[in-house]
Amino acid sequence: KYYFYLNISKNDFLPYYKGQIYSIVVKTNLGTTVQFPAMHLRSHLTNSGVYGSFCLETKNNKFLSLTKLN
């Protein structure tokens with residue numbers, strides 16, 4: 001599991017949403033750099049953008065889930 005915080009405005013996320021950019025790179029709370037498909041953030045997009053703490057779960061380097069934490 002990878003834990004990280006995102007602060008992406010609606011305008012900054014627009015290229016990902018339009019499919020012009022396909023992946024996003026984040027630095028986890030432990031300093032690990034992780035890349036995953038940006039399409040998995042679409043369900044977390046609000047009128048303001050994508051904000052908050054998230055948990056990314058993978059298995060054998062394959063995406064399993066992305067959950068927003070409270």
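## Surface, fold and a buried loop threonine

The chain exposes about 4,900 Å², and carbon and sulfur atoms supply 47% of that area. The model is predicted.

**Fold.** The chain holds 1 helix and 5 strands. Read from the N terminus, the order is β-α-β-β-β-β. The radius of gyration is 12 Å, close to the 11 Å that the globule rule gives for 70 residues, so the chain is as compact as a globular protein of that length. The C-alpha trace spans about 30 × 25 × 20 Å along its principal axes.

**Packing.** Of the 70 residues in the chain, 31% are buried. Among contacts with a separation of 6 or more, 50% join residues 24 or more positions apart.

| Quantity for the chain | Value |
|---|---|
| Buried residues among the 70 residues | 31% |
| Share of contacts (separation of 6 or more) between residues 24 or more positions apart | 50% |

**A closer look at Thr28.** Where does Thr28 sit? Thr28 lies in the loop between β2 (23–27) and β3 (33–37). Is Thr28 buried or exposed? Its relative accessibility is 7%. The cut-off for buried is under 20%, so Thr28 counts as buried.

Which residues does Thr28 touch, leaving aside its neighbours within four places in sequence? The partners are Tyr2, Tyr3, Phe4 and Val34. Of these contacts of Thr28, Val34 falls within the numbering of β3 (33–37).

Technical notes. Residues numbered from 1 in each chain as written. Predicted model: local features only at pLDDT ≥ 70, side-chain atom pairs only at ≥ 80, totals over all residues. Heavy atoms only, no water. Helix = DSSP H or I, 4+ residues; strand = E, 2+ residues; numbered from the N terminus. Rg over C-alpha atoms; globule rule 2.2 N^0.38 Å. Buried < 20%, exposed > 50% of the residue type's maximum accessible area, 1.4 Å probe, protein only. Contact = heavy atoms within 4.5 Å. Areas by Shrake-Rupley, 256 points an atom, 1.4 Å probe, with all protein chains shown as cover.
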